[in-house]
Amino acid sequence: MFGDREAAVLAAVDEETVGRTLLDLIAIPSVTGSAAESDLQHHLAGRLDRLGLDVDLWSMDLPALRAHPDFPGTEAPREEAWGLVAHTADGGVGGGGEGPTLILQGHVDVVPPGDRSAWDGDPFVPRVTGDLVHGRGACDMKAGLAAHLGALAAIRAAGVRLRGRVAVHFVVGEEDGGVGAFGTLRRGYGGDACVIAEPTSGTVITANAGALTFRITVPGKAAHASSREAGVSAIDAYLPLHRALARLEAERNRDPDPLLAEYPIPYALSVGTVRAGDWASSVPDLLVAEGRLGVRLGEDPAAARAALERCVAEACAQDDWLRAHPASVTWPGGQFASGRLAAGHPLRDVVADAHADASGDPRPRERGATYGSDLRLYAAAGIPSLQFGPGDIGVAHSAREHVSLREVVETSRALALTVMRTVGVR
């Protein structure tokens, strides 16, 4: 269990303040790439400063980041990106350099609300019903940001002095590739371990599959629709490719990693948009299909790309039209590799035990996640990382998005214990 100083920190987690913080964060409509995304970074910088942390808020050099060979890609247009890192320092949340550095990481951006008529009210005006807080970003992942802030505030309120340091990384652009985390790591910030407060539904997530955005361009031959036999519909030409992609998905999902075995389709291959033709009375001479290709745990993204490109090429070779007019594959948008915490790394048990001790619930089980996240960027930088945070990813990105305030508070308490047990206490 825990000692007196840990008990004092747990008692200092203020449910009312955590809840108010969450409502304030949801009310800032920080859609990926928007001006409000930058507004939220400045808002959070002020909060971290008031907690006594040393704050670095900077405008990222986007052209330089985009020119880097490892740039993870983006999908949303953006004119700016703000980085935000804060370190514990004497005079605030007590932190020295005598022990390891633990990173508390979270992304500030949210996806657009979609059809606003599907929401019960304005998606950026948080709504509370009982224990639940509703709104865009409620669980993905402003609840995680609020939990991080609540943990740090409790450590400060309890007057605990840390041996090591806490580094808070609040990042932009996670939803469309990870430019914020990429830029933060390129600036030289690192640590000995990292906890990302993505929604994990009461589990500890130690691995993420990857996801690569692809574009398939299929040629056709235009003709007047009244004499369609004189043309070749790009829609018809695409159909054998679509069937081939389904076969590829089935092949790539045989024998998944045990951390992902509970999912029906661990490495989904999904076509999200199909655009063809520009006139109803014409045979379409071009089709563009875009989608996402799941990357297996430990798989080189280049190998995943090659597998899809080979699938398309083989399907073209078996079709009379496409053999002479092959489809092309390109890779725009977000490019998420997979990532994982090394098996047996102590961070997993520290977080699981902290949750059990803080909540009185059983230790959360370990599993993987089928989506990409910033975890893979930290893991690739040699920083052991996992995800543990409030909320259910099953309601994220939907008009049903919500989070339990009780769960946010419990996560904040678990994170506070994780900090103390990882960096040490003076």
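Angles under 35 degrees count as roughly parallel, over 145 as roughly antiparallel, 65 to 115 as roughly perpendicular, and the rest as oblique. The model on screen is predicted.

**Stop 1: α5 and α12**

Select residues 138-157, helix α5, and residues 405-423, helix α12. Their axes lie 8 Å apart and the packing angle is about 50°. Look at the handedness: α5 and α12 make a right-handed crossing.

Now show side chains. On the α5 side, pick Ala143, Ala146, Ala147, His148, Gly150, Ala151 and Ile155. They meet Val408, Thr411, Ser412, Leu415, Ala416 and Val419 of α12. Colour this α5–α12 contact by residue class: nine are nonpolar, four polar and none charged.

**Stop 2: α7 and α8**

Move to helix α7, residues 234-252, and helix α8, residues 301-317. The two axes come within 9 Å and cross at roughly 140°. Is this pair oblique or antiparallel? The antiparallel class needs an angle over 145 degrees, and α7 and α8 are therefore oblique to each other. The crossing of α7 and α8 is right-handed.

Select the contact residues. From α7 come Pro240, Leu241, Ala244, Leu245, Leu248 and Arg252. Facing them in α8 are Ala304, Ala307, Leu308, Cys311, Val312, Ala315 and Cys316. In this α7–α8 contact, 12 residues are nonpolar, none is polar and one is charged.

**Stop 3: aromatic pairs**

Hide the helices and look for rings. The structure holds three aromatic pairs. Two are on this tour, starting with Trp58 and Tyr189. Their ring centres are 5.9 Å apart and their planes stand at 35°, a tilted pair. Trace the chain from each residue. Trp58 sits in strand β1, residues 54-59. Tyr189 is in the loop between α6 (179-186) and β9 (193-196). The pair links distant parts of the chain, 131 residues apart. Trp58 and Tyr189 are both buried.

Next, select Phe71 and Phe182. Here the centres are 6.0 Å apart and the planes are at 80°, so the pair is edge-to-face. Phe71 and Phe182 are each buried.

Key:
Residues numbered from 1 in each chain as written. Predicted model: local features only at pLDDT ≥ 70, side-chain atom pairs only at ≥ 80, totals over all residues. Heavy atoms only, no water. Axes fitted to C-alpha atoms, helices over the stretch in contact; angles between N-to-C directions. Helix = DSSP H or I, 4+ residues; strand = E, 2+ residues; numbered from the N terminus. Left-handed = near helix turned anticlockwise from the far one by under 90°. Contact = heavy atoms within 4.5 Å. Nonpolar A, V, L, I, M, F, W, Y, C, P; charged D, E, K, R; others polar. Phe/Tyr/Trp six-rings, centres within 6.5 Å; stacked < 30°, edge-to-face > 60°. Buried < 20%, exposed > 50% of the residue type's maximum accessible area, 1.4 Å probe, protein only.
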